[in-house]
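Please prepare a briefing on the structure shown below, grouped by topic and with the cut-offs behind each term.

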Amino acid sequence: MASGDERDAKTHPLRAVPGGDGPMIPYEPARTAPPIPPDDDDSIDLREYWKILVKRKWLIIALLAIVVTATFMVTKLQVPEYRATALVLIEPEAAQVLAFADLEQTSGRGSAEYRASQYEILRSRALATAVVEAEQLQDHPELTGEMRQRSLTGELRALTGLLLSSVFPASERGGEAESGAERSGRDATFAAASRLQRLIEIEPVRNTHVVRVRAVSFDPEFSARLANAVVREYIDTSMQRRFDSGTQARRFLEGQLDEMRIALERSDRALAQFAREARVSDLEANIELTREGLRSNTERLEEVRRERLRLEGWDQLARQGQVEHLEPVAGNERLTELQARLQDARIEYRNLSEQYTDSFPMMAERGREVEALREEVSAEQARVVGSISGRLESLRAEEASLEGAIERREEQLMALSERSVQYNILRREYETNRELHDALLQRMKEVGVAAGVQKSNISVIDEASVPGGAFRPVLQKNLAIASMLGLMIGIGLALLLEFLDSTIRRTEDIERLVDRPVLGLIPLVRARGKRANATKGRPDRALSHYSVTQPKSAVSEAFRSLRTSLMFSTPDGMPGVLLFTSSSQGEGKSTSAINLATVLAQNGASVLLIDADLRRPTLHRDFGIPRAPGLTDSISQVSRGHQPEHPLIHGTDLEGLSVMPAGHATPSPAELLSSRQLAKVINDCRRIFDHVIVDAPPILGLADAVVASRMVDGVVLVAAAGQTGKENFRVSVQRLRQVQAPLIGVVLNRVDLESPEYSYYSAYYYNYEPDKSHREPEEVPHRKAS
C-alpha cells in the first residue's frame with residue numbers, strides 16, 4: 001500500500017488496471033483461499049466449542065466464583081456433624097414352626113428380600129420410638145428441633161412447620177379420659193422418633209451379611225450413643241419377636257391339639273359304632289373268603305359248562321343214530337370185545353353157509369350165537385348212550401346250582417364292599433387324626449423346649465465408638481463439587497447464550513445468508529483508544545476520523561484493505577458512486593463511510609461525502625460544518641433549474657476530501673431522495689470528484705436508502721458484529737434485491753480480533769508499529785455514528 005510520501009497529488013497509483021484480454025474478475029476476499037467444504041451437520045467441531053468458551057470466559061469465571069464463594073460461606077456457616085458407626089452381622093434365619101407345614105419359606109431366609117426387610121426394620125419408626133423411650137430422649141435438643149443444621153431449606157421447613165402447627169393444631173389421639181400430659185408425651189416421643197429416623201443411616205456391606213449402622217449428630221458422644229442404642233434395641237426387639245413368635249406358635253399348637261384330640265375321639269367312636277352295627281369283626285377277612293368262594297364257584301361253573309357242551313354233542317350224535325361215532329362208545333373195551341366176537345361169529349357163520357344149509361344144526365346154532373352177540377352189542381351201546389344222557393342232566397342241574405351260588409356270592413361281596421368303603425373312610429379318618437394328634441403333641445413339646453434356647457442370628461461385630469472428628473461439612477469436598485458444578489453451569493450458560501445469539505458474528509454467518517462477499521473486516525476500537533484519539537474539543541470525532549489521527553493503526557489498515565477490495569470488486573474498478581447503508585441505526589455505516597473517504601483521499605483521490613441521511617444527519621457534526629445549505633438545498637436548486645452553488649460543498653482539513661451536508665430539514669425525505677433531481681446532483685458530483693460516497697439512512701423501517709440505491713454505482717451494506725440480527729440482515733438484503741440495487745458486498749464492522757472466534761481473521765490484519773504516544777485501551781462498544 002502506498003504511503004503519503006509516495007503519493008502524487010495529480011495521480012492515483014492504486015486505481016484499477018484497465019485493459020487485458022477480458023473483464024477483470026471481481027475481487028472477493030473469500031476467493032483468496034481455497035473454498036472450505038461445508039461441515040457435516042452431524043460432526044462436532046471441538047475447536048468451535050472451545051472458541052465459544054474462551055469468548056465467554058468471564059461469564060464462566062464469574063459463575064464459578066459465585067458458586068464457589070456461596071459454597072464456601074455456606075460450608076463455614078454449617079455446624080460440624082459427627083458420625084458413629086456400628087457393625088452388625090445379620091445371618092440368614094432358619095426357624096420353623098411346624099415340621100410338616102412351615103409357615104414361612106425357609107429357602108428365602110438368606111435372600112435379598114430378607115436382608116432388605118431387616119434394613120427396613122432398622123429404619124422403622126417403631127424401632128426409633130423404642131430407642132427414644134429406652135434412652136429417654138424425648139427432650140434432647142437435637143430430637144426436639146431446638147438444635148438443627150443452619151441452612152436455608154432448614155429455616156424454611158421450620159417456618160412452614162410453625163405456620164402449619166398454628167393453623168392446623170394437632171388432633172387428639174386418645175379417649176376423653178386421657179390427660180393432656182399423656183397426649184403431650186406421646187406427641188413428643190413421636191416427633192423425636194421421626195427426627196431420629198433422619199439421623200440413622202443403614203449401609204449394607206456388599207457381598208456380606210454385615211451392615212453398617214450409623215448415627216449422625218452434632219455431639220460426637222451422642223452419635224455413638226445413638227448408634228449403639230439402635231443396634232441394642234434392634235437385637236432386643238428381634239429376640240422378643242422370636243419369643244413372641246414361639247409363644248404364638250405354642251398357643252396355636254395347643255389350640256390345634258385340643259381340636260385334634262376331640263376329632264380323634266369322635267372318629268374312634270364312629271369307627272367302633274359302625275363295626276358293631278355292621279357286625280363285622282374282621283371285614284377284610286370276610287371279604288377275602290367271599291372272594292375265594294366266588295372264585296371257586298366260577299371255576300367249577302366253567303368246567304361244568306365245558307363238560308355239558310361236550311355231552312350235548314354226543315347226545316346229538318346219538319339221536320342221529322351215529323352211536324358208533326361217540327367217543328364213549330368207541331372207547332368202550334367191553335363193547336369193542338363184543339363187536340370183535342360178533343365179527344368172528346359172522347365170519348364163521350359165512351364160512352359154514354358155504355358148506356351147509358340153514359337148516360343144518362350147526363348153522364342154526366351159529367345163527368343164534370350171532371344174534372345173541374348182536375343183541376349184546378346193542379344193549380351195551382344203549383347203556384353207554386343212557387349214561388351220557390344221565391350225565392348231561394346231572395351237569396345241567398349242577399350248572400344251575402353253581403349259577404345261583406355265584407349270584408349269591410356276588411351279592412354278598414357287594415354288600416361287604418359297601419360296608420368296607422364306609423369302614424375304610426372311618427378308619428382312615430381315625431388313623432389320620434391319630435397321626436396329626438401325635439405330631440402336634442411332639443411339635444408342641446419341641447417348640448416349648450426350643451423357645452428358651454434358640455440362638456439369635458444377629459450379633460454385634462463392632463460397637464460404635466466416639467468419632468474423632470466431624471465427617472461433614474468437608475470444605476475441600478464441597479469446594480471441589482462447587483467448582484465442578486459452577487464450571488458446568490457456566491459452560492452450559494455460555495453454550496446456551498451462544499445458541500440463543502441470533503446476531504451476525506463472523507463472515508460465515510453472512511455467507512450463509514447472502515451470496516455477496518465480505519469486502520472487509522473493521523476491527524473494534526476500544527475505549528481508551530477513542531479517548532486518546534479524540535480531537536481537542538471534539539470527542540465525537542474519535543472514531544469517524546480514526547484513519548486521520550491513527551494512520552498506522554489496525555483500523556486504518558482495515559479501511560485500506562476495504563479500499564483495495566472495492567477497487568477489484570468490479571471489472572471497471574471501484575464504482576464511482578458508493579452508497580453506505582445498514583440494517584438499523586448504530587451499526588457504524590457513517591463511520592465506515594468517513595474512514596473509507598479518508599483513506600481514498602489519503603491515496604490522492606478527490607472524494608465527496610454526501611450526507612443522505614436526511615432524518616438524522618451526522619456528517620456536519622463530525623466535520624464541524626453547518627448542516628445547511630446542503631443536499632436538500634442542492635436538489636431544490638436543481639428542481640428550479642438553477643446551478644448548485646459552490647458553498648453547498650464544504651472542504652475539510654484533509655486534502656482531497658469534501659463534504660456535502662444534509663441541508664435544511666424536509667417533511668418528505670423519501671420523495672426527495674427518489675426524485676430525478678437527486679440523480680442529477682449525483683451525476684454532477686461524479687464529474688467533479690473521483691469518488692462520491694453517499695451516507696444513506698438504515699434500510700429497515702425506511703424507504704430512503706432503498707430508493708437512493710438505484711441512483712448509485714454500488715451499495716455497501718455495513719453490519720456490526722454481535723449487534724446486527726441475522727433476520728434483519730436477511731430482510732435488508734432482500735429489500736435491496738427487490739429493487740435490483742447494485743449490492744457489491746458487506747463490511748463487517750466492530751470485529752474483536754482478540755476474540756477466539758476471530759483468531760483466523762486476525763492473521764489478515766498486521767499492524768504497523770504503533771505510535772509510542774498511544775496505548776491500546778480496553779474494549780467498549782462504538783459510539784453510534786449515524
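Arg225 is partly exposed, with a relative accessible area of 37%, where partly exposed covers the range between buried (under 20% relative accessible area) and exposed (over 50%), taken with a 1.4 Å probe and protein chains only. Its side chain meets that of Glu135 in a salt bridge (3.3 Å, N to O), a term that requires a side-chain nitrogen of Lys or Arg within 4 Å of a carboxyl oxygen of Asp or Glu. Arg225 lies in helix H8 (residues 220-278) and Glu135 in helix H4 (residues 125-135), so this pair ties together parts that are 90 residues apart in sequence.

The model is predicted, so that local features need pLDDT of at least 70 and side-chain atom pairs count only at pLDDT 80 or more, while totals for chains, interfaces and linings use all residues. Residues are numbered from 1 along each chain as its sequence is written, and side-chain values use heavy atoms, with hydrogens and water left out.

**Salt bridges**

- A search of the whole structure finds 24 salt bridges; in general, side chains of opposite charge can pair when their charged atoms come close.
- Within helix H22 (residues 676-688), Arg687 and Asp684 are three residues apart, about one turn of the helix, and their side chains meet in a salt bridge (2.2 Å, N to O).

- The protein has 24 helices and 12 strands, which are DSSP runs numbered from the N terminus, helices being H or I with at least four residues and strands E with at least two.
- Eight strands form an open sheet with mixed pairing, in the order S5-S12-S11-S6-S10-S7-S9-S8, where two strands pair if DSSP finds at least two bridges between them.
- Strand S5 (518-523) and strand S8 (650-651) stand at the edges with a single partner strand each, so one side of each is left without a neighbour in the sheet.
- Strand S7 (residues 607-611) runs parallel to strand S10 (residues 691-695) and is joined to it by five bridges, with Asp695 as the bridge partner of Asp611.
- S7 also pairs with S9 in the parallel sense, over four bridges, and here the bridge partner of Leu608 is Ser658.
- The pairing of S8 with S9 is antiparallel, over two bridges, and places His650 opposite Val659.
- S8 and S9 form a hairpin with five residues between them, and Gly656 in the turn has a positive phi of about 90°.
- From strand S9 (residues 657-660), Leu657 and Val659 point one way and Ser658 and Met660 the other way, and all are buried.

**Nonpolar core and contacts**

- The largest nonpolar core has 46 residues, and those with the most contacts inside it are Leu631, Phe729 and Leu748; such a core is a set of buried Ala, Val, Leu, Ile, Met, Phe, Trp, Tyr and Cys residues joined through side-chain atoms within 4.5 Å.
- Leaving aside neighbours within four places in sequence, Leu631 is in contact (heavy atoms within 4.5 Å) with residues including Ile610, Asp611, Met660, Leu673 and Val681.
- Of the contacts in the protein between residues at least 6 apart in sequence, 82% join residues at least 24 apart.

**Burial and surface**

- Buried residues make up 40% of the 786 residues in the protein.
- The protein exposes about 44300 Å², of which carbon and sulfur atoms supply 53%; accessible areas come from the Shrake-Rupley method with a 1.4 Å probe, and for residues only the protein chains shown count as cover.
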